[in-house]
Structure formats: structure tokens, C-alpha cells
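Trainee: Could we go through this one together before I write up my notes? I'd like to start with the packing around one residue and then move on to the ligands.

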Amino acid sequence: MLDKELLPRHVGIIMDGNGRWAKKQGLPRTEGHRRGAEVFRAISTYASDIGIPYLTFYAFSTENWKRPQQEINVIMDLFRDFLHEAEERQEENTQRGFRFRFIGDLSVLPEDIRSLAAFMESHNPENGRTTVNVAVNYGGRSELTRAFHLLLKKVQSGEIDTQDVSEAAISDALYTAGQPDPDLIIRPSGELRLSNFLTWQSAYSEFWFSDVLWPDFTTDDFDRALLDFAHRSRRFGGI
Ligand code: IPE
Ligand code: IPE
Ligand code: MG
């Protein structure tokens, strides 16, 4: 159905609307997160099947710590469940060619989550089909600040000169180093903002917004976004 040539290489997804979905069903917000985690599994599998090489899912932002502790605990439990499941299905994931990367400041997360995440990253296949970045405790500004610190240290130690701090050097100091910038960013739930997602990398991204709440998001919605993307005229400042 979709011309392979016109598929985005990298799709970023802001998984938003879990709480409102739950409220609509008369359920606690945490049920929305549970359902949202299932949709994450379904969409990442589908996107890999149709041949999208890079995906970034926004799971928890640096701002989400403002939420009630109980909700944060449930989100972390869901993340932990996902990591355990992925560990169990490591062979299957390798066969599929999934490469999982965790982007964000994981240093403040519980130790068991950090070691599970590190285990998964170290067992990624060499040449995967689809790199799945899961953004946890991620913020675009925090990522950039970290990148500037890394580069400053290199300048201070004499490893590089000030003039080596180029756009490419900044890109290489981000969590997404070596990956293409997102061609397409999808945000469901009706909000029309980035909420600190991929600040540097989204400079030339195409955006696709929808009122669908993330737990209701289907592969058909994903196809709609891809079809829209295929019709965009990307000029990058040219004519
Ligand atoms: C997205 O859903 C999940 C996270 C931000 C962790 P929300 O929990 O933000 O859902 P709404 O926006 O309140 O509906
Ligand atoms: C963005 O959603 C973060 C994630 C989906 C993880 P939020 O619900 O936190 O964003 P705001 O508060 O509406 O900007
Ligand atoms: Mg939200």
C-alpha cells in the first residue's frame, strides 16, 4: 500500500492521552498507562514489520516527576515489566532485529531497572532491522545541557578545540548519536506541542497530530500518519 521509498526513516511518537482515556472509561489513570504500554508493543512491532528502521517512543519526561508518586510508581512498574518481558523474549527480539536503546537520564531510576536496561542494550543484535529508542526521564533541554557539558569537558581537556563544537559534534553528543533525525513526529491526544521531545533533532521534522488518545491508537492511525507524510513536500529551505 505504501511506497517503501516514501516511508520515514525515523518516527518519533509522543504517547499521550493515557489519563484522559482512562477517565473516559471510568477507570483509574494507571489503567490508561497499562493499556498504553500494550499499544506501544503493537505499534513498535507493526512499524518494524513494515520496515521503519528507527523509532523513538516518549514514555516519561523530565517533567513527569510532577505527577503523584503512586502514578509514577505504576509507570515505572510497567517499564520494569516491559524490560523483564524483553529479557525473556530476547531471542525472539533478536530474530526480529529489534535494537532497544534507552534515552534519557536513567541514573535516577531504581537499580534493577537500570541493570535490566543495560543488559538489554548490551545484548542488542549487531545489525538490527529496527532501532527502538525508549525515552525515559528524557527531556530535550536536559539532553542538550548534557551534550554541552560533554563537549566542554573535551575542550577543557584539550581533546578538541572550541571551533570543533559544530552542529555535527552536538548531534554526536546527544543520546541519539549516529541515528538520523526524526522525519516524522506523531502526537495523539489533541495536544499541539512537543513537550520537550527531541528538541534538537526535530528541527526539520514533519508533524502529525490526531485527537485519538494513545490507548485507542491503532496501526490504521499509524498508516494514516505515514500516508500523510508521503504527501508532504520537504524542502529543507530549498525550492
Ligand atoms: C501519557 O499520557 C503518558 C505519560 C506522560 C507518562 P498522560 O498520562 O499524559 O495522559 P493525559 O495527557 O493525562 O490524558
Ligand atoms: C508528554 O506528555 C510526555 C510523554 C508522553 C511521556 P505530557 O502529558 O507529559 O505533556 P504535557 O504536560 O501535556 O505537555
Ligand atoms: Mg498527557
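Trainee: Leaving aside its neighbours within four places in sequence, which residues is Gln 179 in contact with?

Mentor: Gln 179 is in contact with His 10, Tyr 54, Arg 101, Thr 131 and Asn 133, once neighbours within four places in sequence are left aside, where contact means heavy atoms within 4.5 Å. Before we go on, keep in mind that this is a predicted model, in which local features need pLDDT of at least 70 and side-chain atom pairs count only at pLDDT 80 or more, while totals for chains, interfaces and linings use all residues. Residues are numbered from 1 along each chain as its sequence is written, chains are lettered from A and ligands numbered from 1 in the order in which they are written, and side-chain values use heavy atoms, with hydrogens and water left out.

Trainee: Is Gln 179 buried or exposed?

Mentor: Gln 179 counts as buried because its relative accessibility is 15%; buried means under 20% relative accessible area, exposed means over 50%, and partly exposed is in between, with a 1.4 Å probe and protein chains only. Gln 179 sits in the loop between helix 7 (167-172) and strand 5, helices (H or I, at least four residues) and strands (E, at least two) being DSSP runs numbered from the N terminus.

Trainee: And which side chain does the side chain of Gln 179 make a polar contact with?

Mentor: That partner is the side chain of Asn 133, at 2.7 Å. A polar contact is a pair of N or O atoms within 3.5 Å; within protein, one must be able to donate a hydrogen and the other to accept it, and residues adjacent in sequence count only if both atoms are side-chain atoms.

Trainee: Switching to the core, which residues touch the most other members of the largest one?

Mentor: The largest nonpolar core has 40 residues, and Ile 13, Phe 57, Phe 79, Leu 83, Phe 102, Ile 186 and Phe 222 touch the most other members. Helix 3 (residues 69-88) gives the most to this core, with seven residues. A nonpolar core here is a set of buried Ala, Val, Leu, Ile, Met, Phe, Trp, Tyr and Cys residues joined through side-chain atoms within 4.5 Å.

Trainee: What does Phe 79 contact, beyond its neighbours within four places in sequence?

Mentor: Phe 79 is in contact with Phe 102, Leu 109, Ile 113, Val 134 and Val 136. Another core, of nine residues, lies apart from the largest one and has Ile 14, Tyr 58, Ala 135 and Ile 185 among them.

Trainee: On to the ligands: which residues are around ligand 2?

Mentor: Those around ligand 2 include Ile 14, Met 15, Tyr 58, Asn 64, Arg 187, Arg 193 and Ser 195, a residue being near if one of its heavy atoms lies within 4 Å.

Trainee: Where is Ser 195, then?

Mentor: Ser 195 is in the loop between strand 5 and strand 6, and it counts as partly exposed because its relative accessibility is 29%. Not counting residues up to four places away in sequence, Ser 195 touches Tyr 58 and Arg 187.

Trainee: How many residues surround ligand 1, and which are the closest?

Mentor: 13 residues surround ligand 1, and the closest are Asp 16, Gly 19, Arg 20, Arg 29 and Arg 67. An oxygen atom of ligand 1 lies 2.9 Å from a side-chain N or O atom of Asp 16, and the side chain of Arg 29 likewise has an N or O atom 2.9 Å from an oxygen atom of ligand 1. From Arg 20 it is a backbone N or O atom, 2.7 Å from an oxygen atom of ligand 1. Taken alone ligand 1 exposes 380 Å², and the protein buries 87% of that.

Trainee: Last topic: which residues of helix 8 are buried?

Mentor: In helix 8 (residues 219-230), the buried residues are Asp 221, Phe 222, Asp 223, Ala 225, Leu 226, Phe 229 and Ala 230. What covers them includes strand 1 (10-14), helix 2 (29-49), strand 5 (184-187) and strand 6 (206-209).

How values were computed. Expected span 1.5 Å × (residues − 1). Areas by Shrake-Rupley, 256 points an atom, 1.4 Å probe, with all protein chains shown as cover.
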